[in-house]
Amino acid sequence: MTALTGTGGMVRLILRRDRFLLPIWILFLSVMPVNFVAATRELYPTAADQLGYARTTGTNPTFLALYGPIHNNEISGIVAQRSGFIPVIIGLLCALTVIRHTRTEEEAGRRELLGATVLGRGATLAAALLVALGASLTVAAVLTAGMASQDLPLAGSLAFGLQFALAGCVFAAVAGVAAQLTESAGAARGMAISVLGASFVIRLAADIGGAGNALSWLSWLSPLGWGTRLGAYGDERWWVLVLPVLLVAALVAVAGTLSARRDVGAGILPPRPGPAEAAAGLRGPFSLAWRLHSGPLYAWLAGFAALGVVFGGVAGGVGDMIKDNPDLKEIFTRLGGTGGIVDAYFASVMGMLGLFAAGYAVSATLRMRSEETSLRAEPVLATAVGRLRWAFSHLVFALLGSVAALAVGGAAAGLTHGLNDGDVGGVLPRVLGAALVQFPAVWLMAAVAMAFIGLAPRLSAAGWGALALAAGLTMFGGMLQADQWLMDVSPFTHVPKLPGHDLTLAPLAWLGAAVLAAGAAGLAGLRHRDLAAG
């Protein structure tokens, strides 16, 4: 028996377990840019309209920061740039897929059971990587065919599709290494997401000043930057593909070597031993939850501070768009806010900050499910601690931690722009309020995850699916001209678009009611179902 014996069977098992989730995100992320083509042609029907838009987005720091550079002044270049954040999403999904089918399986003890059969030591890792890499290449194939069917150049469409696949393959391999380094699936996810976030920030810093800026060389240090350097629908640089191929091969080799050298269930990096006796403060579920959540919370807060500084730093350049193309004001107004282009910009990016905060809230909420399935919840609940008290100890971090993240991001953005504008006292409260008003929608995403944990625990990962749907509608629904009833599915659609718009309490009250209903249903289900129910 070799190290890869049984890999085919493991691939089939993963595909069966992900038979619903995997096709959904593959089709959604590969078809979405194709729909952008028709929507963009309708918004900018003439060559002059397209040229004006492309010139503005190709020089404005806001678009460059969020989406990357534009490589031509036609429909293809506009669509490719506006899809620039999708590779980040694909990279995240591939990383989570690999960790779910490697480290999470070991943590739950299922890997050891499978290892008792005719299964090679490296089969689980190989199967997870094959599925993630295959999903990335499938996205590339579907996207290439779809874009070419819209009468766009085949070579550019292929480069565009490979830009998406590049991100998925690289961060799947990164997750494969992370899964070997730690004993915890949560730590592995944090490590992989940190690498993804760092890659995005490096790419952002390289592109924010436009072509030829002093920091543009940084894009060569980021796998996400390699995607933009590929130059889809411009002067394609096919040799750039050598970089991700070599990196993926190296990371896969490292992951395989580390997997062969460690014990099943252990990580290369040993856990830090704790004291012989627990501290006096570690006597209840809330103090235990603090130990579990404090590390990720600090990391998220640091990330939100960095994002806030970036968003605030580029806000000053937003007003320049009006000078060249006043029609772009309609785009930002559609995204949020009507009280000026800078206010509309902040309404837009604070909505994005809300989506990121919802990611933390969902992650913190789902931590209780991982504690349950790994059987660490049983010893706690065997004491005088009740299920609701245990659940609330985790929900406190999901709810209050997300508010803290919004506050840090909003304060950093408001302070940065206020210093640049010379009016901290006037800018900071308005931007901070725009960030904090997102919390009812953020809490609703946590409540939906809680509902899945309590009522359908086997589908608890669907909490991420609900967030992905909300994010897709929020970020791309306007460009796709989605019907209002569909846009209303996202709770972020109902958040008042501050600053620059009146604060209305009615939608916040309705969101609060939905939070209470979904959360109560989840808690009631958790209270009455069997522990670790599948």
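Student: Which residues make the nonpolar surface patch of about 350 Å²?

Tutor: Keep in mind that we're looking at a predicted model. Helix H19, residues 387–421, gives the most to this patch, with 3 residues. The whole patch of about 350 Å² is made by Phe286, Phe392, Val396 and Leu400.

Student: Is leucine 400 buried, partly exposed or exposed?

Tutor: Leucine 400 is found in helix H19. Its relative accessibility is 52%, and the cut-off for exposed is over 50%. So leucine 400 counts as exposed.

Student: And leucine 162, does that count as buried, partly exposed or exposed?

Tutor: You'll find leucine 162 in helix H10, which runs over residues 154–181. Buried would need under 20% relative accessible area, and exposed over 50%. Leucine 162 comes out at 22%, so the label is partly exposed.

Student: Which residues does leucine 162 touch, not counting those up to four places away in sequence?

Tutor: Let's start with a residue elsewhere in the chain, glycine 122: it is 40 residues from leucine 162 in sequence and 27 Å from it in space, C-alpha to C-alpha. For touching, we need heavy atoms within 4.5 Å. With residues up to four places away left out, leucine 162 touches Ala140, Leu230, Trp238 and Leu241.

Student: What is valine 252 in contact with, leaving aside neighbours within four places in sequence?

Tutor: At 31% relative accessibility, valine 252 counts as partly exposed. Once those sequence neighbours are set aside, the contacts of valine 252 are Leu129 and Ala173.

Student: How many residues of helix H5 are buried?

Tutor: Helix H5 covers residues 75–82 and is mostly covered. The buried ones are Ile75, Ser76, Gly77, Ile78, Val79, Ala80, Gln81 and Arg82.

Student: What span should helix H20 have?

Tutor: H20 has 13 residues, 424–436. The expected span is 1.5 Å times one less than the number of residues.

Student: Where do the buried residues of H20 sit around the axis?

Tutor: In H20, Val427, Val431, Ala434 and Ala435 are buried. They cover an arc of only 100° around the axis, so they're on the same side of H20.

Note on methods: Residues numbered from 1 in each chain as written. Predicted model: local features only at pLDDT ≥ 70, side-chain atom pairs only at ≥ 80, totals over all residues. Heavy atoms only, no water. Patch = residues over 30% accessible without salt bridge, like charges linked within 9 Å, V, L, I, M, F, W, Y side chains within 5 Å. Areas by Shrake-Rupley, 256 points an atom, 1.4 Å probe, with all protein chains shown as cover. Salt bridge = Lys/Arg side-chain N within 4 Å of Asp/Glu carboxyl O. Helix = DSSP H or I, 4+ residues; strand = E, 2+ residues; numbered from the N terminus. Buried < 20%, exposed > 50% of the residue type's maximum accessible area, 1.4 Å probe, protein only. Arc of directions from axis to C-beta.
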